[in-house]
Structure formats: structure tokens, C-alpha cells
Amino acid sequence: MSKLMIALFVAAGLGYAGVASAAQTYAPNTTVASASASMTKESYTQAKRDADAQYKTDKERCSSMSGNAKDICIAEAKGKEEIAKAEAEAAYENTPKAREKARVAHAEAAYKVSKEKCDDLTGNPKDVCVKEAKAALVRAKADAKVDRVAMDTRQQAANKQADASREANADKRDADYKVAIEKCDALSGPSKDACIGNAKARFGKT
């Protein structure tokens, strides 16, 4: 095998490693993605402030670098900021759509960092590196959408079940109320009036 071919294979391997590394670094926070407890508005606001402050610190750290290393550093800093804000929003809104957006933020951050790392390559290895980064982004977005739709479907099913349960309980109470009133018909005078009053009070009728 020629030295040129060996160099190309090594470069391609480095490109793939860069994509895989970025994808792992920016893997979605499943704890936030499946959170059930909402964040308070105050905590949400503070989380965004913290993300801004952390970004400034991280970006300042990049200032001593140069070339593509600096570009990668800035992309990583920006990605962390966008992820932190998206996760805070997901925790605050606590909806399938917001959690999907947080997962997409992770994927886009990984994609941007991977693209910057691809700039260290040239020719076909660079093209492959960029395509792999794009493919990873497309897969992550698709998976996030599928999971969000599944959550929406489950929520809709749960809502329908709750509505059906409320209607069923109301129907049963009405039926029991009618039975109680019917029993009162066997009485007369004050006894009947008291029976009807008790039935109304028991079943919440006026």
C-alpha cells in the first residue's frame, strides 16, 4: 500500500473519530429529556444567565488559541451555551416539544463542532468527515421527532382516558342518584322530603 493511501486512511479515521467524539460529548441529557418536574421561572431565568456567563468564560479561554483550534474551541463554547439554555427551557416548559428542542440543540452543537474538526482534513477525507457529521445530525433529529410524537400520542391517549373516566363517573353518580330518589318515593311527607334532601346532598345535586 502506498504512503499516500496510508495517509488518506489515517486522515479519514481521524475525521470519523472527530465526529464520534463530538457526538459523545454532546449526547442528550436523558434526565432532562425525560424530566417530569417543571423548573420554576426564577430558576429558568437564572439558568439562562448562568449559560451566558459560562459562554463568556469559555470563549475567553479560546482567545489564546489560533487557527482551527480556536474555531473548534469557540464552537464548543457556543454549543455548551445553546445546550444549557435548551435544557433549561425543556425543564421549565416540561413538554414533549421542548424536550425535542433540547435534543436537537445537542445534535446541532455536535454537528457544528464536528464540522470545525473536519477543517483539519483535506480532500476526500474532509468530504467524508462533513457527510458523517451531517448524517449524525439528521439521525439525531429524526430520533428526537419520533420520540416527541410518541410522547404526544401517549399524552393524548392519557387525556382521552381521563375524559372518559370523568364521564363514566358522572354517569354512574347520576344513575345512583336516580336510584336513591326512586327509593324516596316509597315515603311521604317530611320523611320523603328528608330522603330527597339527603340524596341531593350525597350526590352533589341542587
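How many residues does helix 6 have, and how far does helix 6 reach from its first C-alpha to its last? Helix 6 has 62 residues and reaches 92 Å, close to the 92 Å expected at 1.5 Å a residue; the expected span of a helix is 1.5 Å times one less than its number of residues.

Before selecting anything, note that this is a predicted model, in which local features need pLDDT of at least 70 and side-chain atom pairs count only at pLDDT 80 or more, while totals for chains, interfaces and linings use all residues. Residues are numbered from 1 along each chain as its sequence is written, and side-chain values use heavy atoms, with hydrogens and water left out.

**Whole protein**

Show the whole protein as a cartoon. There are 7 helices and 0 strands, and from the N terminus on the elements run α-α-α-α-α-α-α. Helices (H or I, at least four residues) and strands (E, at least two) are DSSP runs, numbered from the N terminus. Of the 206 residues, 26% are buried; buried means under 20% relative accessible area, exposed over 50%, and partly exposed in between (1.4 Å probe, protein chains only). Contact means heavy atoms within 4.5 Å. Among contacts between residues at least 6 apart in sequence, 69% join residues at least 24 apart.

**Helix 3**

Select residues 41-62. Helix 3 has 22 residues and reaches 32 Å from its first C-alpha to its last, close to the 32 Å expected at 1.5 Å a residue. Show side chains for Tyr44, Ala51, Tyr55, Asp58 and Cys62, which are buried. Seen down the axis of helix 3, its buried residues fall within an arc of 75 degrees, so they line one face of the helix. The arc is that of the directions from the helix axis to the C-beta atoms. Those buried residues pack against helix 4. Turn to the other side of helix 3 to find Glu42, Arg49, Lys56 and Glu60 exposed.

**Helix 4 and helix 5**

Next, select helix 4 (67-93) and helix 5 (96-118), with Asn94 in the loop between them. Phi of Asn94 is near 55 degrees, a positive value in a residue other than glycine.

Two packed helices are described by the angle between their axes and the distance between the axes. Axes are lines fitted to C-alpha atoms, for helices over the stretch in contact, and angles run from 0 to 180 degrees between N-to-C directions. The axes of helix 4 and helix 5 come within 8 Å and cross at roughly 175 degrees. Helix 4 and helix 5 are therefore roughly antiparallel to each other; angles under 35 degrees count as roughly parallel, over 145 as roughly antiparallel, 65 to 115 as roughly perpendicular and the rest as oblique. The residues of this contact of helix 4 with helix 5 divide into 10 nonpolar, 3 polar and 11 charged. Here Ala, Val, Leu, Ile, Met, Phe, Trp, Tyr, Cys and Pro count as nonpolar, Asp, Glu, Lys and Arg as charged, and the others, Gly among them, as polar.

Two distances can be checked here:

- Asp71, in helix 4, is partly exposed, with a relative accessible area of 37%. Asp71 and Asp119 are 48 residues apart in sequence and 9.7 Å apart in space, C-alpha to C-alpha.
- Ala110, in helix 5, counts as buried at 8% relative accessibility.

**Helix 5 and helix 6**

Helix 5 and helix 6 pack at an angle of about 175 degrees, with their axes 9 Å apart. That makes helix 5 roughly antiparallel to helix 6. By class, their contact has 12 nonpolar, 1 polar and 13 charged residues. Buried residues in helix 6 include Pro125, Cys129, Ala133, Leu137, Ala144 and Arg148.

**Helix 6 and helix 7**

Finally, select helix 6 (residues 123-184) with helix 7 (residues 189-203), whose axes come within 9 Å and cross at roughly 170 degrees. In the contact, Arg173, Asp176, Tyr177, Ala180, Ile181 and Cys184 of helix 6 meet residues of helix 7 including Lys192, Cys195, Ile196, Ala199 and Phe203.

Which residues of helix 7 are buried? Cys195, Ala199 and Phe203 are. They cover an arc of only 45 degrees around the axis, which puts them on the same side of helix 7. What covers them includes helix 6. On the other side of helix 7, Pro190, Asp193, Asn198 and Ala201 are exposed.
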